[in-house]
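Let's take a walk through this one together. Have the sequence and the model open side by side, and we'll go piece by piece.

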Amino acid sequence: MTKKKLNLKSAIQKQFRSQRQIGKAPGTITYMGNREDGTYAITVIDYSDNLFDFQTLTRVEDALAFKEQVNVTWFNVYGLSNEKEIDKLGNYFNINPLVLEDIVNTNQRPKIDEYDDYVFATLKMLYLNKDYEISTEHCAIILSEHNVLLFQEIELDVFEGVRDRIKNKFGRIRTRQADYLFFALIDAIIDQYFVVTENIAAKIDLLEEEVYNHPSQETAEKIQRLKKEVLSVRKWVVPVKDLVNRIIESEHPLVTKETKLFLRDALDHSIQINENIQLYRELITNLMEVYMTNMSNKMNEVMKVLTIIATIFIPLTFIAGIYGMNFKNMPELESEYGYFYVLGIMFLILIVMIIYFKRKRWF
Amino acid sequence: MTKKKLNLKSAIQKQFRSQRQIGKAPGTITYMGNREDGTYAITVIDYSDNLFDFQTLTRVEDALAFKEQVNVTWFNVYGLSNEKEIDKLGNYFNINPLVLEDIVNTNQRPKIDEYDDYVFATLKMLYLNKDYEISTEHCAIILSEHNVLLFQEIELDVFEGVRDRIKNKFGRIRTRQADYLFFALIDAIIDQYFVVTENIAAKIDLLEEEVYNHPSQETAEKIQRLKKEVLSVRKWVVPVKDLVNRIIESEHPLVTKETKLFLRDALDHSIQINENIQLYRELITNLMEVYMTNMSNKMNEVMKVLTIIATIFIPLTFIAGIYGMNFKNMPELESEYGYFYVLGIMFLILIVMIIYFKRKRWF
Amino acid sequence: MTKKKLNLKSAIQKQFRSQRQIGKAPGTITYMGNREDGTYAITVIDYSDNLFDFQTLTRVEDALAFKEQVNVTWFNVYGLSNEKEIDKLGNYFNINPLVLEDIVNTNQRPKIDEYDDYVFATLKMLYLNKDYEISTEHCAIILSEHNVLLFQEIELDVFEGVRDRIKNKFGRIRTRQADYLFFALIDAIIDQYFVVTENIAAKIDLLEEEVYNHPSQETAEKIQRLKKEVLSVRKWVVPVKDLVNRIIESEHPLVTKETKLFLRDALDHSIQINENIQLYRELITNLMEVYMTNMSNKMNEVMKVLTIIATIFIPLTFIAGIYGMNFKNMPELESEYGYFYVLGIMFLILIVMIIYFKRKRWF
Amino acid sequence: MTKKKLNLKSAIQKQFRSQRQIGKAPGTITYMGNREDGTYAITVIDYSDNLFDFQTLTRVEDALAFKEQVNVTWFNVYGLSNEKEIDKLGNYFNINPLVLEDIVNTNQRPKIDEYDDYVFATLKMLYLNKDYEISTEHCAIILSEHNVLLFQEIELDVFEGVRDRIKNKFGRIRTRQADYLFFALIDAIIDQYFVVTENIAAKIDLLEEEVYNHPSQETAEKIQRLKKEVLSVRKWVVPVKDLVNRIIESEHPLVTKETKLFLRDALDHSIQINENIQLYRELITNLMEVYMTNMSNKMNEVMKVLTIIATIFIPLTFIAGIYGMNFKNMPELESEYGYFYVLGIMFLILIVMIIYFKRKRWF
Amino acid sequence: MTKKKLNLKSAIQKQFRSQRQIGKAPGTITYMGNREDGTYAITVIDYSDNLFDFQTLTRVEDALAFKEQVNVTWFNVYGLSNEKEIDKLGNYFNINPLVLEDIVNTNQRPKIDEYDDYVFATLKMLYLNKDYEISTEHCAIILSEHNVLLFQEIELDVFEGVRDRIKNKFGRIRTRQADYLFFALIDAIIDQYFVVTENIAAKIDLLEEEVYNHPSQETAEKIQRLKKEVLSVRKWVVPVKDLVNRIIESEHPLVTKETKLFLRDALDHSIQINENIQLYRELITNLMEVYMTNMSNKMNEVMKVLTIIATIFIPLTFIAGIYGMNFKNMPELESEYGYFYVLGIMFLILIVMIIYFKRKRWF
């Protein structure tokens with residue numbers, strides 16, 4: 001009993017990271033992740049139609065220099081555990097403490113909040129790590145008049161494409177305002193979801209092949225684990241549809257009608273991802289049913305073999321047992337052909353049994 | 001372990017066709033299908049009440065000649081893998097790059113988008129191939145003032161009826177504007193869905209007959225595969241209802257009130273298809289339950305046979321075993337009628353057992 | 001393989017009746033039912049507060065005579081397979097070809113369409129045939145200013161009550177306009193649904209009694225077939241609620257506020273029917289669960305009997321086997337009371353086993 | 001076959017009470033219950049702030065005397081089978097025949113209808129009878145300017161509290177108008193639902209105790225019967241929420257803003273009841289799962305016992321069988337310690353088997 | 001039978017606490033909890049930007065002194081069973097009796113009601129008790145112009161954080177009005193829900209580990225109990241989302257726009273909690289499936305062992321039985337190497353069987 005409680009207590013405490021926040025005043029900046037070394041880095045990409053500048057900042061204070069320019073400036077903050085520096089940055093950009101709280105809250109569900117001077121969105125980046133496992137990273141984006149602030153824990157490939165397009169003047173990104181960059185970042189994150197859902201689809205295909213051709217006890221566990229994976233992916237992915245939809249329907253002056261056209265495309269993608277995840281859930285349930293049916297069928301087959309063997313040989317053994325008795329007076333035993341008669345009867349019973357099972361279609 | 005990863009990797013890569021797009025700028029035209037030979041063909045049907053002209057174009061440029069006429073012109077583009085030519089055509093007709101991207105994206109879910117000068121719809125054609133299997137083809141339709149552009153991968157029979165009606169002046173199609181042709185094409189696609197749902201209904205009937213009369217292990221697999229088929233058909237068919245509904249509720253100047261009357265009919269058909277698919281899902285679930293119950297019943301029967309045989313003969317064999325023992329002093333063995341007494345007792349036990357099983361209704 | 005395909009092909013073709021329509025122009029009148037003899041009959045009931053006239057028409061043309069009168073005229077058309085005559089009638093009454101198409105489409109789902117001069121409703125009549133089986137018949141009703149056109153395949157008792165009320169001046173029907181007749185017909189059809197749902201309720205009661213008292217393998221099949229029946233009844237009955245609701249909310253000048261009061265009653269009935277069908281589905285699922293649990297319990301019981309018998313007698317038989325061995329030197333065999341000792345030990349084992357099973361509550 | 005049909009026919013006919021109405025004109029007053037003796041009684045409570053009068057009426061006509069007074073008058077009609085007297089009463093109070101039809105229709109689902117001069121509500125009273133079983137009674141209430149008409153089949157305790165409060169001037173009922181009495185009656189009925197849901201909760205607790213501690217075959221049947229009970233309670237209780245909500249949102253002049261405040265409370269109760277019933281359904285499903293798991297676990301245990309015994313003794317018996325053969329030349333039999341060697345080997349096999357099962361954690 | 005009824009009766013009566021209210025007039029203050037000693041205590045925290053005062057009141061009357069001040073005053077009432085004192089307090093603050101009824105109704109579902117002068121919210125506090133079990137406490141909060149009244153049964157740690165923030169001037173609470181305190185209390189309660197959901201997550205993790213590595217019969221019961229726990233937590237937690245949403249959308253003058261910004265954060269938390277609970281339900285269902293599959297797999301394995309042993313040794317035992325018969329004339333017995341031939345044949349059968357089972361992949 002005591003041991004159980006200890007187990008539970010330690011299991012709870014492992015989870016309690018997310019409770020550091022509890023009881024604190026709303027707007028208190030409390031990092032909730034598990035990369036607590038306090039390191040952080042800021043890179044800045046400053047661009048307009050005919051300008052491109054990339055810098056790494058050594059101090060938060062340097063960010064201010066870029067703030068007021070009319071060029072679009074993309075601030076990229078890596079590392080969220082240094083609450084003090086985040087707070088400082090927040091003050092420079094007049095960010096509401098509630099937003100700062102959400103920026104460092106790595107458990108925050110995807111959402112969008114509009115403020116007078118800026119729009120704040122937070123969502124999860126999903127990607128495949130080196131072992132083809134689904135990983136998740138917290139991400140927060142702020143769109144203000146000329147700036148986009150992007151907060152991440154570590155540097156990922158997700159935004160590499162956007163950076164390339166800015167640098168190499170691909171597409172229309174260099175000619176547009178900050179809201180287009182804001183859209184481009186969200187679009188890049190959503191695009192990455194397809195990698196994850198395709199990964200799930202591939203796993204389903206593999207498992208389907210396994211279920212039909214060489215199911216084992218492990219197969220069921222794999223299916224269930226995949227189901228759990230889909231459930232947790234869904235948790236982060238489903239709210240994104242509403243998020244995008246709310247930007248489109250928003251009347252915030254920072255989001256231009258032109259960018260909304262592109263957002264409609266992102267909305268479409270997020271709907272497709274939701275539909276895919278729904279489909280995968282049903283396919284996995286389907287797969288589990290196939291597995292269970294297979295198993296039941298095998299059980300049936302096993303039972304049939306047992307029953308056929310037992311039903312044939314138990315009565316025959318009984319007959320042999322009869323004539324193995326040691327009674328003094330057993331007339332059959334004395335008969336010259338008794339043994340052969342009995343063998344004949346046994347053979348007859350065998351034939352009858354086999355016919356019976358054939359009729360019942362047991363083989 | 002390594003092998004598993006390899007399997008997963010190759011399975012993922014097979015799926016990754018749909019990821020060619022990822023990381024590229026929105027509006028980049030990237031073909032996603034698997035017919036990558038770059039061939040394409042354009043046919044043009046130009047008609048008005050008293051004119052009918054059919055041509056095959058050799059160059060994309062020739063399409064321009066038809067563009068500005070007041071006749072209704074139906075451009076039929078076969079082959080989507082030649083991204084460059086699609087782009088050229090798009091430029092001639094002032095199509096937004098986002099639309100061009102969706103035209104060649106064979107994974108695009110059904111949707112409708114309204115632009116100032118044109119309406120863009122994309123949906124899937126479902127049809128039965130030569131082996132009566134459900135096949136799916138990507139299709140995109142653009143309605144502009146006097147033109148309808150239809151993009152397909154290969155030529156299919158689906159639109160044969162529409163072509164006939166134009167050629168032979170059946171119905172009212174020759175007297176109407178381009179929006180009626182637009183409707184007629186969508187209607188033809190939706191009509192074809194009935195062929196597919198009827199095919200599913202036929203398969204359910206066959207499987208039902210199989211489940212009730214001669215179920216085998218294969219039956220369960222067939223049921224599950226049909227369920228998967230229905231799930232993937234649903235994926236393409238369900239959004240079509242919203243698509244049609246949105247055209248009807250649209251206030252786009254290109255869609256006339258008169259054509260909306262007909263669209264109401266198409267809406268009705270797509271609702272009916274959705275209801276059918278919902279019904280089929282439930283029937284298939286039902287069928288699976290019947291199968292499982294049948295199997296359980298058989299298992300029960302098998303177990304009863306085993307139990308009856310074992311319960312009758314194991315005790316009898318034990319009695320025979322008793323008198324097969326070689327003890328020096330076993331008075332019964334010496335008795336003159338001992339053997340017959342024992343046979344009698346065995347017979348009695350048999351009778352009692354049979355009565356017991358009869359009472360329990362085991363036969 | 002070939003045989004399978006043939007099976008599928010013929011099964012599909014059986015279903016393809018509903019595809020005669022596919023590929024034809026919208027508004028083409030194509031009969032979809034299976035009573036293709038082309039016969040039809042028209043009866044006319046012409047009435048006002050102080051007039052009642054019943055006639056059988058020999059020619060479609062005769063209908064025109066009644067069309068323009070201010071009396072309420074109820075045209076009853078039996079037989080939908082004669083597409084030409086339906087077309088003629090449609091022309092006389094200025095009915096849109098899309099409506100005519102739906103009138104003869106026996107697969108049409110229940111719906112209501114409002115046109116400038118008339119209201120068109122189509123729904124299914126459900127009734128019990130002579131063998132107490134649920135049957136379904138297609139029905140279409142058109143309400144125009146002074147006329148109600150009712151299209152059926154064959155004559156049924158469903159509208160007998162309405163006819164009686166007109167003839168015998170029961171209730172308020174003779175004093176009201178055509179829209180009240182329109183309502184009365186729909187109400188009669190919905191009323192009939194209660195007969196069908198009560199029939200399902202009765203079948204559930206019978207099956208419940210069977211499941212609890214004398215379940216057999218057949219019982220499961222009956223339950224599943226009933227479930228399928230409920231599913232197909234639901235398909236025709238559920239849309240009727242929306243249909244009635246849409247008439248109530250319609251602002252069509254032909255539907256008076258007074259009649260809407262009565263329609264509210266019909267709406268109430270259709271809600272009740274939907275709730276009943278929902279309840280029946282749950283009761284049937286419940287019943288199936290009871291059946292499965294019963295079966296599992298029986299299986300358990302069978303296994304217990306087998307295990308008890310085998311567990312008691314297999315060890316005893318082994319002991320008997322030991323002393324049935326023919327070794328030269330087996331001291332126990334020589335002992336004078338060896339046999340009785342062994343019998344005693346066997347009896348002891350028997351007692352211990354029985355106590356063990358009692359403790360485990362196996363009997 | 002014939003017998004089956006007879007069964008079905010009689011089962012259907014038992015149900016057909018509810019079809020007496022079918023085919024009749026809407027607004028025909030047809031009693032649907034099963035207390036058809038035609039007796040009825042009317043009691044009248046007439047009250048204002050400083051007046052309280054209780055009378056039993058001998059004739060329906062006497063009701064008229066109270067109708068026009070400004071005091072609040074509560075007419076209580078017991079017995080609904082005397083269609084003629086109900087009709088008479090309806091005429092005195094100008095009640096629409098459709099309402100009268102619903103008053104005597106004991107199968108009517110809960111609903112509220114507003115008319116110009118009165119509001120009509122019908123719902124079911126649920127209560128526990130003497131055997132603590134859930135019983136249901138039909139109830140109809142009409143609110144007109146100074147009167148409340150309450151129709152019941154028999155006298156129940158449900159409204160005793162309201163009567164007491166009027167008589168003894170408890171609460172604010174004596175100072176309010178008829179709409180407050182109307183609310184008070186509905187509130188009393190909804191309050192009584194809590195008795196029923198608590199009864200279900202108590203049954204679930206008892207069954208849970210039974211499932212965990214001494215499950216039997218009967219337990220499953222009890223669970224299923226309770227589930228059925230919950231389903232039928234739900235049928236009558238769920239629509240009440242909408243009913244109350246519609247009074248609150250109604251703008252009928254008879255329902256004052258002050259009373260709506262109290263109705264909000266009743267709404268709250270009906271929401272809570274709906275939530276409880278939803279919860280109970282899930283708990284019962286949960287319970288059934290526990291039962292099934294328990295049963296499977298027991299089955300597993302039974303199978304393990306059988307397998308252990310059979311797996312140990314069948315091979316040993318085989319060895320004994322070998323040396324029970326009567327071949328002339330069997331060297332082992334002649335060996336002096338052969339018997340003991342064999343016994344030793346058997347013992348060794350036994351040990352190995354036990355270790356094997358221990359490792360597999362079968363005990 | 002009688003015993004059963006007694007059981008049911010006593011079980012029902014245990015539940016009937018919640019029925020003390022039934023039949024009483026609405027607005028009657030009836031305590032529904034189980035701490036009926038009638039003790040109560042009131043503490044008062046009076047604060048403004050530069051004032052902090054904490055007092056314990058001896059009499060309800062003393063509360064009045066604080067009522068009219070412009071400082072924010074937080075009244076904390078512990079103990080709800082003294083209906084008379086609650087009533088007195090209610091009168092001092094002009095609280096509607098319906099609200100007072102809900103304050104002491106410990107079964108009241110979470111809701112918010114707006115009145116002209118105040119806003120009333122009631123919800124449940126969830127927390128972990130000393131044994132890490134989920135406990136629930138009733139809580140009611142009234143917001144009036146300068147006062148917040150908080151009613152609880154006992155003192156809990158939940159609001160300790162809020163008290164600290166007021167005392168130590170953390171955050172912005174001291175500079176804000178009563179509505180911010182109102183929000184802060186609700187926020188504190190919702191924050192505490194995370195502790196409970198994390199506790200459930202931890203239990204799921206523990207159970208998952210148990211299911212995969214050392215499942216026992218107890219495991220299934222634990223899973224089911226956890227499911228029940230989640231169901232009852234959900235009951236109290238789900239309505240909170242609507243509650244918060246309704247404050248945000250409310251236009252009550254007491255709730256300022258500034259506080260609504262913070263409420264949006266609380267709304268976000270309650271959405272996240274709802275999503276978590278939904279996820280946990282699915283994970284638990286998933287877990288139960290894993291358990292059942294595991295059990296089925298084990299059963300399969302057990303059956304295979306039994307079948308392999310029986311199928312190998314039953315036929316062999318039969319052969320041994322044959323040659324154990326005592327017929328006079330059995331030629332094989334006389335043969336010199338008969339015994340060895342038979343042993344050889346038996347060995348052959350054994351080999352064949354093993355190959356057969358290998359092929360069927362039974363080991």
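Start with helix 4 of chain A, residues 97-104: seven of its eight residues are buried, so the rest of the structure largely encloses this helix. Keep in mind that we're looking at a predicted model. The buried set is A:Leu98, A:Val99, A:Leu100, A:Glu101, A:Asp102, A:Ile103 and A:Val104, with "buried" here meaning under 20% relative accessible area.

So what does the covering? Within chain A, the elements lying over those buried residues include helix 3 (83-92), strand 4, strand 5, strand 6 (134-143) and strand 7 (147-152).

Two of the covering strands are worth a stop. Strand 4 (residues 111-114) and strand 5 (residues 119-128) of chain A run antiparallel, joined by four bridges. Together they make a hairpin, with four residues between the strands. To find your bearings in the pairing, pick out A:Ile112 and its bridge partner in strand 5, A:Ala121.

Further along chain A, an unreviewed UniProt entry annotates residues 305-325 and 337-357 as "transmembrane region". In the model, residues 305-325 are 86% helix and 0% strand, with end C-alpha atoms 30 Å apart. Residues 337-357 come out at 95% helix and 0% strand, and their end C-alpha atoms also lie 30 Å apart.

Finally, zoom out to the other chains. Chains B and D don't touch, their nearest C-alpha atoms being 9 Å apart. No contact joins chains C and E either, and their closest C-alpha atoms are 9 Å apart.

Note on methods:
Residues are numbered from 1 along each chain as its sequence is written. Chains are lettered from A and ligands numbered from 1 in the order in which they are written. This is a predicted model: local features need pLDDT of at least 70, side-chain atom pairs count only at pLDDT 80 or more; totals for chains, interfaces and linings use all residues. Side-chain values use heavy atoms; hydrogens and water are left out. Two strands pair if DSSP finds at least two bridges between them. Contact means heavy atoms within 4.5 Å. Buried means under 20% relative accessible area, exposed over 50%, partly exposed in between (1.4 Å probe, protein chains only). UniProt positions are given in the numbering used here, feature names are shortened, and annotations may be inferred rather than shown by experiment.
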